[in-house]
Amino acid sequence: MAEQKASNLTWHETTVTKQDREELLNQKGCVVWFTGLSGSGKSTLANAVAHQLHERNHHTYVLDGDNVRHGLNKNLGFSPEDREENIRRVGEVAKLFVDAGTIVMTAFISPYRTDRNQARELIEENRFVEVFVECPLNICEERDPKGLYKKARSGEIKEFTGISAPYEEPNNPEVVINTSELSVIESANQVVVYLEKAGLVPVVK
C-alpha cells in the first residue's frame, strides 16, 4: 500500500453529489474490472461493453492498460512492485470515475489477487464488478496480437505474465467470460445482463 507523504490534507465535498450525477445519467457509477492474460480479449470486450452501453445512452469510459502506461503510469515498468503501483493508481482513478457517476471499464492483466482486492476495497459495495476474461494460454499465445508471447518465449521480454511471471485467477469474480467459446457480442451481452441484474443500469424494455 502506498504511503501517504503529504500532511494537512482535507477531503473537500462537492456541491453536486454523486447521487445528483447518477440521476442525471440514469445509471450508477461503477467499475467493471476486466482481468485476464494478454491476448484473452480484455480490451476488445471492455470496448464492446462500452459501445453497447453508449448505444443505450449511458456514460462510459475505458481505462486501457497500454493507454494508461502512455501517460499516468509511464514511469512504471513490469516488476512486481511496479505492477502493484500500476494497479493502485488505476484503482484510485477508477474511484474518481465512479464518484462522477460514470461506468468505467478497466482492461488490465492485473495478475495479482491482492492488488485487485485492494482496488475493490476502494469502491463501495456492489459497485465493483470483476470480470474474469478466461482464455486458455495456448489460445492467447496463438492470437498474440502484439507479438509479446513470441518475445517472451525468446527471452526478449522478462517477467511476462503466463510465461515467466504468475497470473492468479480470481476466486469469486462476479462474471466469468470464456472468450475462446463465445463471440465478442455474446460476451458483451453477458456483462451487460449482469449490470442490469445488479441494478447498475436499467433494463431495456
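Strands β1 and β4 pair in the parallel sense over five bridges, two strands being taken as paired if DSSP finds at least two bridges between them. Helices (H or I, at least four residues) and strands (E, at least two) are DSSP runs numbered from the N terminus. The model is a predicted one, in which local features need pLDDT of at least 70 and side-chain atom pairs count only at pLDDT 80 or more, while totals for chains, interfaces and linings use all residues. Residues are numbered from 1 along each chain as its sequence is written, and side-chain values use heavy atoms, with hydrogens and water left out.

## The sheet

The pairing of β1 with β4 belongs to an open sheet of five strands, ordered β2-β3-β1-β4-β5 and paired in parallel. Because β2 and β5 stand at the edges with a single partner strand each, one side of each is left without a neighbour in the sheet. Direction ignored, neighbouring strands of this sheet are turned by 20° against each other on average; axes here are lines fitted to C-alpha atoms, for helices over the stretch in contact, and angles run from 0 to 180 degrees between N-to-C directions. Strands of a sheet pair through backbone hydrogen bonds, either parallel or antiparallel.

Strand β1 is also joined to β3 (residues 103–107) by five bridges, the two running parallel, and β4 is joined to β5 by four bridges, again in parallel. One bridge pair from each of these three pairings is listed here.

| Strand pair | Bridge partners | Number of bridges |
|---|---|---|
| β1 and β3 | V31 and V104 | five bridges |
| β1 and β4 | W33 and E130 | five bridges |
| β4 and β5 | V131 and V175 | four bridges |

Six of the six residues of β1 (residues 30–35) are buried, so this strand is largely enclosed by the rest of the structure; buried means under 20% relative accessible area, exposed over 50%, and partly exposed in between, computed with a 1.4 Å probe and protein chains only. C30, V32 and F34 point one way from β1, whereas V31, W33 and T35 point the other way.

Helix α4 (residues 80–99) lies across β1, β2 and β3 and runs at about 150° to β1. Helix α8 touches β1, β4 and β5, and its direction makes about 170° with that of β5.

## Salt bridges

Side chains of opposite charge can pair when their charged atoms come close. A search of the whole structure finds 11 salt bridges, each defined as a side-chain nitrogen of Lys or Arg within 4 Å of a carboxyl oxygen of Asp or Glu.

One of them joins R56 to E196, with the closest N and O atoms 2.8 Å apart. This pair links distant parts of the chain, since R56 sits in the loop between α2 (42–55) and β2 (60–64) and E196 in helix α8 (residues 184–197), 140 residues apart. R56 is partly exposed at 23% relative accessible area, while E196 is buried at 18%.

The side chains of R120 and E174 meet in another salt bridge, at 2.9 Å from N to O. R120 lies in helix α5 and E174 in the loop between α7 and β5, so the pair ties together parts that are 54 residues apart in sequence. R120 also meets E130 in a salt bridge, at 3.5 Å from N to O, and this pair connects helix α5 (residues 113–122) with strand β4 (residues 128–134). E130 is buried, with a relative accessible area of 5%, whereas R120 at 24% and E174 at 26% are partly exposed. R116, R120, E130 and E174 are linked in a network of salt bridges.

## The chain as a whole

The chain has eight helices and five strands, which run α-β-α-β-α-α-β-α-β-α-α-β-α from the N terminus on. Its radius of gyration is 17 Å, close to the 17 Å that the globule rule gives for 205 residues, so the chain is as compact as a globular protein of that length; the radius is taken over C-alpha atoms, and the rule is 2.2 Å times the number of residues to the power 0.38. Buried residues make up 42% of the 205 residues.

Conventions: Contact means heavy atoms within 4.5 Å.
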